[in-house]
Amino acid sequence: MFFRTPGRVRGRRAGSVLAVALLCVLPRLLWAQAPAPADCALLLSGRVQDHESRLALAGATVVVLETQQATQTEPDGHYHLESLCPGTYHVQVSFIGFASEVSEVRLTVATYRDFRLHPDAVVLKGAVISGQRVAAPTTQATATLSEADLQQTRGQTLGEALQKVNGVTALQTGPGIFKPMIHGLHSNRVTILNNGVRQEGQQWGQEHGPEIDPFLASQLTVVKGAASVRYGSDAVGGVVLVQPRALRDSAGVGGELNLVGMSNNGLGAASGTVEGNLRRLPALSWRTQGTVRKAGTMRAPGYYLKNSGFEEGNFSGAVGWHKPTYGAEVFYSQFNTRIGILPAAHVGNQQDFLLAVARDRPLETTGFSYDIERAYQQVQHDVLKFSGFVKTGNAGRLSTTVAQQVDARDEYDKYRPRNDNRAALDRPALSYTNRTSTAELLWEHRAWRGFTGSVGLAGTYQFNRYADGSRQFIPFYTNYVGGLFWLEQWRQGSWLLEGGLRLDQRDLQVKRATRAGGVFGVEESRFQYTTPAASLGAVYDASTHLTLRLASGLTQRAPAPNERFSDGVHNAQYELGYDLVPGNGPARPETALNLGFTATLHDNPRLNGELTVYQTRIRGFLYQSPILPPVVNIRGVLASWQFQQTDATLRGLDVSGSYQLTARWLLAGKAAMVRGRDTRQDEWLIFMPADRAELSVRYALPNRVGRRLSAGYVQVLGTGVTRQTRVPRNYAERDYRLPPNGYGLLGLEAGTTLHWGRLPLELSVAGANLLNQRYRDYLNRYRYFADEMGRNVTLRLRVPLEFSRAKSAPTP
């Protein structure tokens, strides 16, 4: 009982302070004045031509969707659009017999921009140039998985799907837990935003996957590199933006159904979405969504991996009211999962542990089953969000987001407690709840003399508590964070410059149980940190098809409670925090300096690609390393880890490209390398990603095959991963097992759209590890005991639904 603290009282006090601060700032922002509308007098003009012959394309229609302005190209191909406001636009150009082209146009002064289209005999549509206002570009390397890309990952976890992004790998624990790693950094250093809400659960655990349903997302965006100014001091490694589709804005009710099946572990997944918009209340939109996912025992080449199944059940709902000058939205989601833990990771003595690590396969295997036995983890994560915006006259736009998250995690050991009380037999060994309240107020001012930007306030109140009877692993803690940030961009011709500043104040209060000389006690500690962040970057459009980006950032990150005070058995392993290692003092904050350069070749008819080189220096880098020999305690012998702190430098590059061999054949490839160095000890860092490369050949079938099939394709994919040889000295004395050999995998995918009546059914089949290659991955914590998944075939079906349609407008 001595673990309890009055967290609710502190929560109300913190919430009151934040509310008063927001109310004080709100009137000032609402009354802010902007430059006169006379600024909206810019001219966009140019010519539309044939790329090959340079002949003018006359009669093209030019439409700017933001203002609904329209014109047509003259006989010499010229077009003129007047009275445009400063800003960034996407301009799409298409013409009969030519391939469409999309280009970004930034307006700060009168701009002349030509468009040269490439011949394409297949395209038989009218010429249209349309514009839509878009968010300002970022100076950092950014990759996006579109809805079409995500369709090829349906049924996988969020961490698995993100591995399609070059430079992103996953810290893995078996077949059900994938934690995204960006350029060698993960966990507390990677921030995930779920529908605009910073994901806060138990993300500190390296065997805790993100509690997010990927079926929610219509787009995943990865910012590769520090984004601490906008998203907080923890975003040292990068940011993952999980973005659902905007709520429906046309009258009617529709949705979609996704079905997935996998052969290896018998996975079955079904996800359905229904959304609508009211004809009589066009401002009101809603959406409801649900997902179920269940997998049985995973099969490695030659055997089944016992207790490797998992199950999941999620649902969400949203309702919004949107007008041109204001809007509001409420969102709620619940994520539920149960994941089995490999029994081979939990043994009784040192000799058994060494034998388990040395074996080529686990001693304890099984047949196929959907049963999930002890040990396992069970998680429920709830998110409730309110967001709203209002246009502040001609000055800009004011928006706010307030969210509450509750993450409840129970972890069950392999062995039931020896207790005559039957009610205690199924009690979790660890049971803790993390409650987080977040709020953000953001004002985005309109363009003024080439400047656009935003100013924001952010606040977080968080506390972590244990249930009665649970073991202590990390202590009770209460965390208060308040932040102020300012981002500004300046555009001039082909240049865009961006700079930002942020200051976070963090107050961490910790209470943990102690034992000295057989006497139990309570130790209370308080840690206060002021963590600044700054960024500076530039974007240069060297030509219509070449963009150069340079980004730099300096930030500090406070050590997390688990990095300092973790102590005990957790998910079939033992962990010890830095402050508790004999001889260590208190962990100090990390200071990170990031630098990255990206060159992007885009919108070419044949060759496109991207190259990113980066370096991150971190003073006070906190990381985990194995404890040898492993710790022996009352629960047996498990893989054991402790936190260490050093100075580190991480360098690397990502390169990707595609070449359109013919109209139907596409060759694509990507490669990524990371070099992590402990500069204090002058040796390589442990657990850095091995070099990897991927090559694919894709064949697009004729647009229409028969009366029912269209948009068909076949793709062959090869993946190669080298053995990680850049490891610390005397590695056999630093880890339980040497890094595994490199491996190569072969994959095949095919898909098409089947037109069944009015329903376009999207079908695809994908085969992974088709040669049933036996291998282990260096970043999988199960590699000490078992192989990776063998051959797996995945079937996917997407069914778009339209239950009602808006009535056609009467013909005048």
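A residue counts as buried here when its relative accessible area is under 20%, and in this predicted model that cut-off is what places Y736, at 13% relative accessibility, among the buried residues.

**View 1. The predicted model as a whole, with its helices and strands.** The protein contains 7 helices and 47 strands, and of its 812 residues 51% are buried. Among contacts between residues at least 6 apart in sequence, 67% join residues that are at least 24 apart. The protein exposes about 36,200 Å², of which carbon and sulfur atoms supply 57%.

**View 2. The aromatic pair of F353 and Y736.** The protein has 22 aromatic pairs. In the pair shown here, the ring centres of F353 and Y736 are 5.2 Å apart and the planes stand at 80 degrees, which is over the 60 degrees required, so the pair is edge-to-face. F353 belongs to helix α5 (residues 350-358), whereas Y736 lies in the loop between β44 (709-721) and β45 (743-756), so the pair ties together parts that are 383 residues apart in sequence. F353, at 1% relative accessibility, counts as buried, and Y736 counts as buried at 13%. Both residues also belong to a cluster linked by ring pairs, whose members are F353, W641, F687, Y736, Y778, Y784 and F785.

**View 3. The largest nonpolar core, with the surroundings of F785.** This core has 47 residues, and those that touch the most other members are L305, F353, F621, F687, Y778, Y784 and F785. Two or more residues each are given to the core by β21 (298-300), β22 (303-305), α5, β35 (573-576), β37 (607-626) and β39 (636-660), and the largest share, 6 residues, comes from β39. When neighbours within four places in sequence are left aside, F785 is in contact with L342, A344, A345, F353, A356, V357, R361, P362 and R776. Another core, of 18 residues, lies apart from the largest one and has L42, L81, V93 and F115 among its members.

**View 4. Two arginines placed over aromatic rings.** The charged end of R564 sits over the ring of F527, at 3.9 Å from the ring centre. R698 lies over the face of Y713, and here the distance to the ring centre is 3.9 Å.

**View 5. Antiparallel pairing around strand β23.** Strand β23 (residues 310-322) pairs in the antiparallel sense with strand β20 (residues 284-295) over 12 bridges, and within this pairing the bridge partner of G290 is F315 in β23. β23 also pairs in the antiparallel sense with strand β24 (residues 326-340), over 13 bridges, with A318 standing opposite F331 in β24. β23 and β24 form a hairpin, with 3 residues between the two strands. In a regular strand, side chains alternate between the two faces of the sheet.

Terms used:
Residues numbered from 1 in each chain as written. Predicted model: local features only at pLDDT ≥ 70, side-chain atom pairs only at ≥ 80, totals over all residues. Heavy atoms only, no water. Helix = DSSP H or I, 4+ residues; strand = E, 2+ residues; numbered from the N terminus. Buried < 20%, exposed > 50% of the residue type's maximum accessible area, 1.4 Å probe, protein only. Contact = heavy atoms within 4.5 Å. Areas by Shrake-Rupley, 256 points an atom, 1.4 Å probe, with all protein chains shown as cover. Phe/Tyr/Trp six-rings, centres within 6.5 Å; stacked < 30°, edge-to-face > 60°. Lys NZ or Arg CZ within 6 Å of the ring centre and 35° of its normal. Pairing = 2+ DSSP bridges. Core = buried A, V, L, I, M, F, W, Y, C linked by side-chain atoms within 4.5 Å.
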